[in-house]
Amino acid sequence: MIKIFVFGITGKMGKSILNYIKLNKNFILIGGVNKNNYCKLFVNKYNIIFNKMKKNSVLIDFSNVLLIKKNLFISKKFKIPIIIGVTGLHLKLLNYIKFSSKYISILLSYNMSIGINIINLFLSNTNNYFKKYNFESFIIDIHHDKKIDAPSGTALMLFSKIKKINKNILSIRIKNIIGNHFIFLISNNEIIKIEHLVLNRNIFVIGIFYSILWLLNANKGCFSMYDIFFKC
């Protein structure tokens, strides 16, 4: 039985994770917090919980940027691997995550769907050809209107793979759109269009639980979905 604790348990992803756990007997929810009761983390009750989680356990963080350092402190103190799906991370925080990975195993990803990571791999492997044959690119990033960061972490991840030819990212926020990304690769004579449309959050949850099983067998370090999906 794999024990799980969720930071951001009442958010959209937190609720999706809970629903998956309820349907899978291999996982058990040990606890979770949201922004309203986060301060309770540092009382004795939670120390007891985290002490019990030292073996065969994972922390999942879908809270927010302001809480990541505290969540990493808990991960390091109790030596529990952590999955971070928070977006909008600045460079100092990314460096802190990398530093923390000397002591624990961390999975960091802005998008845990199989499809986006296949597109990401494709762009990584073909970027030089698009540059050679004078393609330019344009990304359209569409999400629900409650999403705080723009561009999204997914758009920035895709952008990083084609930055040599990239011109712009257009971010649009529309009610009830979970996630929709378009990548246009444009030359003088042709256009390649790649689209990824999220139908439901199960695609992220499946990626998370692939990650849990992989991370429990990993050494210390900071890993990505590339390690999970493509380095088997």
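Guide: Welcome! A word on classes before we start: Ala, Val, Leu, Ile, Met, Phe, Trp, Tyr, Cys and Pro count as nonpolar, Asp, Glu, Lys and Arg as charged, and the others, Gly among them, as polar. The model above is predicted.

Visitor: Thanks! Which class has how many residues in the lining of the largest pocket?

Guide: This pocket holds about 1,100 Å³ of space, and 42 residues line it. Nearest its centre lie Lys12, Phe62, Ser63, Thr87 and Lys147. By class, the lining has six charged, 15 nonpolar and 21 polar residues.

Visitor: Which helix gives the most to the lining of the largest pocket?

Guide: Three helices, α1, α6 (153-161) and α7, each supply at least two of the lining residues. The top contribution is three residues, and the helix that gives them is α1.

Visitor: How is α1 oriented to α7: roughly parallel or roughly perpendicular?

Guide: The axes of α1 (residues 12-23) and α7 (residues 202-215) come within 10 Å and cross at roughly 65 degrees. Angles of 65 to 115 degrees count as roughly perpendicular. Therefore α1 is, relative to α7, roughly perpendicular.

Visitor: And how many residues of the contact of α1 with α7 are charged?

Guide: From α1, Met13, Ser16, Ile17, Tyr20 and Ile21 meet Phe204, Val205, Ile208 and Phe209 of α7. Eight of the contact residues are nonpolar and one is polar, while the number of charged ones is none.

Visitor: What is the volume of the second largest pocket?

Guide: Its lining has 20 residues, with Leu108, Tyr110, Met157, Lys161 and Ser224 nearest the centre. By class, these divide into 12 nonpolar, six polar and two charged. The volume of this second largest pocket is about 460 Å³.

Technical notes. Residues are numbered from 1 along each chain as its sequence is written. This is a predicted model: local features need pLDDT of at least 70, side-chain atom pairs count only at pLDDT 80 or more; totals for chains, interfaces and linings use all residues. Side-chain values use heavy atoms; hydrogens and water are left out. Axes are lines fitted to C-alpha atoms, for helices over the stretch in contact, and angles run from 0 to 180 degrees between N-to-C directions. Helices (H or I, at least four residues) and strands (E, at least two) are DSSP runs, numbered from the N terminus. Angles under 35 degrees count as roughly parallel, over 145 as roughly antiparallel, 65 to 115 as roughly perpendicular and the rest as oblique. Contact means heavy atoms within 4.5 Å. On a 1 Å grid over the protein atoms alone, a cavity is a set of points where a 1.4 Å probe fits but cannot get out, and a pocket is an open set with protein on both sides within 12 Å along at least five of seven lines; lining residues have an atom within 4 Å of a point. Grid points are joined across faces, edges and corners, and a volume is the space filled by probe spheres set on the points.
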